[in-house]
Amino acid sequence: MPRPTVAQLAYGSCTVIFSTFAMLLLSGASSGVGVAIVAVSALALGLLVAMTVPSSGPRRPAVAERPAAPEPVQPAQPVRATVPPPAREPVRERAAS
């Protein structure tokens, strides 16, 4: 059996604590039997919540749908790049020194 994750422990513990307080306040149980029933039911509810929290274990990859018929592959066409000719600059002559 795998170990519970931190999220499972936290959700289960919070559920037990809050549900115990809520059930004790709402039911008004003061006898030992009433408190024991509330405590057992709160523990069962906490266990249920902890086990339904999704675990962060390895997931199976989703099945990819494949097309019914593969499309024909077009051969790759070469790409021709057009580069403009370099700009001509005026010729500068050196001054006689």
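Helix α1 passes helix α2 in a right-handed crossing, meaning that the near helix is turned clockwise from the far one by less than a right angle. The helices are DSSP runs of H or I, at least four residues long, numbered from the N terminus. This is a predicted model: local features need pLDDT of at least 70, side-chain atom pairs count only at pLDDT 80 or more, and totals for chains, interfaces and linings use all residues. Residues are numbered from 1 along each chain as its sequence is written, and side-chain values use heavy atoms, without hydrogens or water.

The axes of α1 and α2 lie 8 Å apart, at an angle of about 150°. Axes are lines fitted to C-alpha atoms over the stretch in contact, with angles from 0 to 180 degrees between N-to-C directions. The pair is therefore roughly antiparallel (over 145 degrees).

Contact means heavy atoms within 4.5 Å. On α1, the contributors include Y11, T15 and M23; on α2, they include V35, L43 and G46. By class, the contact has 11 nonpolar, 8 polar and no charged residues. Gly counts as polar here, while Ala and Tyr count as nonpolar.

Two residues of this contact are buried (under 20% relative accessible area, 1.4 Å probe, protein chains only):

| Residue | Relative accessible area |
|---|---|
| Q8 | 9% |
| A50 | 11% |

Q8 sits in α1, residues 6–27. A50 belongs to α2, residues 32–52. The Q8 side chain reaches the backbone oxygen of A50 at 3.4 Å. Leaving out residues up to four places away in sequence, A50 touches Q8 and G12. A50 and A10 are 40 residues apart in sequence, yet their C-alpha atoms are 8.1 Å apart.

Definitions and conventions: Helices (H or I, at least four residues) and strands (E, at least two) are DSSP runs, numbered from the N terminus. Buried means under 20% relative accessible area, exposed over 50%, partly exposed in between (1.4 Å probe, protein chains only). A polar contact is a pair of N or O atoms within 3.5 Å; within protein, one must be able to donate a hydrogen and the other to accept it, and residues adjacent in sequence count only if both atoms are side-chain atoms. Angles under 35 degrees count as roughly parallel, over 145 as roughly antiparallel, 65 to 115 as roughly perpendicular and the rest as oblique.
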